[in-house]
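Good morning, colleagues. Please have the sequence and the model on your screens, and I shall take you through the parts in turn.

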Amino acid sequence: MAQLIPNQSHHFDIPSNIVYLNAATMGPLPRTAAAAGRAGLERKLQPWNITSEDFFADTRSIRPKLAQLINADTDGIAICPSASYGLATAAQNLPIKAGQEILILDDQFPSNVYTWRAAAERAGAHVRTIGSADSNARLCDQLLDAIGDKTAIVACGHVRWTDGALIDLEAVGKRAREVGAALVLDLTQSCGAMPFDVEVIQPDFVVCGGYKWLLGPYSMGFLYAAPQHRDGAPLEQNWIARKGSENFSGLTNYQDEFGPGAVRYDMGERSNFALLPALEAAIDLILEWGIEQVAYTLGEQNKKLCEGLDSIGLRTLPESERGPHYIGARLPENTPGDLTKRLEQRNIYVSRRADSLRITPHLYNTQADFDLFLEGLTSEISLASA
């Protein structure tokens with residue numbers, strides 16, 4: 001049974017007068033991760049101490065931990081710099097026929113739109129956007145209804161990035177398999193804050209940027225490829241992904257064969273001596289907390305916060321229809337365009353996405369943070385309507 005995690009602000013360098021409710025934009029780096037990154041960067045002060053083994057040690061250490069985040073096997077994990085890199089890899093390795101459809105969600109993150117527009121254009125297919133604002137149906141139900149015989153790929157996340165609308169990925173995965181469609185998931189806005197199991201969902205590819213809910217550095221993430229996709233074509237032809245690359249003296253014995261599993265999809269210069277240790281330290285902290293416990297704790301926090309938002313007239317999605325870690329509060333029409341700037345002047349940090357105020361706290365936030373936020377938000381909206 002999941003249990004509440006006590007406040008974890010001691011792991012972060014967030015001053016007591018700052019109300020940071022914006023993990024969905026940029027998760028703050030834990031102190032341990034910053035220390036690991038600094039130590040890694042300083043290794044290059046004396047590069048003669050960096051050995052050939054060092055090019056492999058960090059990836060060897062972090063790969064099983066990345067797999068643990070999504071209950072995957074280690075051979076399925078590749079190191080990549082961004083979600084867009086992983087999505088491009090998936091698009092390159094999935095069949096799309098002329099006349100087929102690629103399904104995406106309305107208001108989907110741009111990287112998860114441009115990739116599929118380009119793939120559809122190459123194949124003579126087209127992108128279909130799901131999630132009409134005029135519909136009273138749940139977003140997930142609209143997606144399930146759209147999956148059919150013409151569907152080549154379903155590309156979505158576990159939650160929609162603008163408002164946290166929840167997608168039942170087990171149902172979506174099952175429906176996609178029924179029609180022979182591929183499932184590509186961008187978990188950047190959920191991995192580390194919501195449980196996910198590749199054995200249950202059975203996606204073809206999963207991508208995740210590490211700088212949000214994984215609390216890691218920018219430009220470091222991962223990709224998961226299902227077993228049937230581990231012999232595909234990588235975006236890069238880099239040396240370190242090849243079989244036998246550990247033998248530096250034999251690198252000119254050029255190898256066509258790749259290393260095991262999804263290693264072929266690793267980005268070039270994957271052995272980043274600063275970013276990899278920082279990401280690993282952040283993931284160590286998340287695994288220590290336990291993802292189920294993180295989701296439960298954030299869910300309990302956010303239930304109370306939603307009650308406060310409802311009390312001042314801001315509508316939020318029902319608890320059953322949003323991710324536990326995510327709140328999108330629908331803003332009234334008279335909301336000032338510079339609302340987030342006004343809140344920043346009060347040392348309160350949130351995001352505005354479309355017509356929603358996106359509020360994404362984490363384990364470092366306190367009840368005092370939420371009280372200050374609601375007080376500041378109420379004041380700014382009242383001032384605008386006066």
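The buried residues of helix 2 are covered by several elements, including strand 2 (77-80), strand 8 (221-225), helix 8 and helix 9. Please bear in mind that this is a predicted model. The buried residues of helix 2 are Asp 54, Phe 56, Asp 58, Thr 59, Ile 62, Arg 63, Leu 66, Ala 67 and Leu 69. Just after the helix, Asn 71 has a positive phi of about 55 degrees.

Let me stay with Leu 69. Beyond its neighbours within four places in sequence, Leu 69 is in contact with Cys 191, Phe 196, Leu 214, Phe 222, Ile 283, Ile 286, Leu 287 and Ile 291. In the largest nonpolar core, of 95 residues, Leu 69, Ile 70, Trp 116 and Ile 153 touch the most other members. Helix 8 (residues 275-289) contributes the most to this core, with 8 residues. Another core, of 20 residues, lies apart from it and includes Leu 314, Ile 348, Leu 357 and Phe 373.

Four strands form an open, antiparallel sheet in the order 9-10-13-12. Strand 9 (315-316) and strand 12 (351-353) are at the edges; each has a single partner strand, so one side of each lacks a neighbour in the sheet. Strand 12 is joined to strand 13 (residues 356-359) by 3 bridges, and Arg 353 stands opposite Ser 356 in strand 13. Helix 9 (residues 291-311) lies across strands 9, 10 and 13, at about 5 degrees to strand 10.

Methods: Residues numbered from 1 in each chain as written. Predicted model: local features only at pLDDT ≥ 70, side-chain atom pairs only at ≥ 80, totals over all residues. Heavy atoms only, no water. Core = buried A, V, L, I, M, F, W, Y, C linked by side-chain atoms within 4.5 Å. Buried < 20%, exposed > 50% of the residue type's maximum accessible area, 1.4 Å probe, protein only. Helix = DSSP H or I, 4+ residues; strand = E, 2+ residues; numbered from the N terminus. Contact = heavy atoms within 4.5 Å. Pairing = 2+ DSSP bridges. Axes fitted to C-alpha atoms, helices over the stretch in contact; angles between N-to-C directions.
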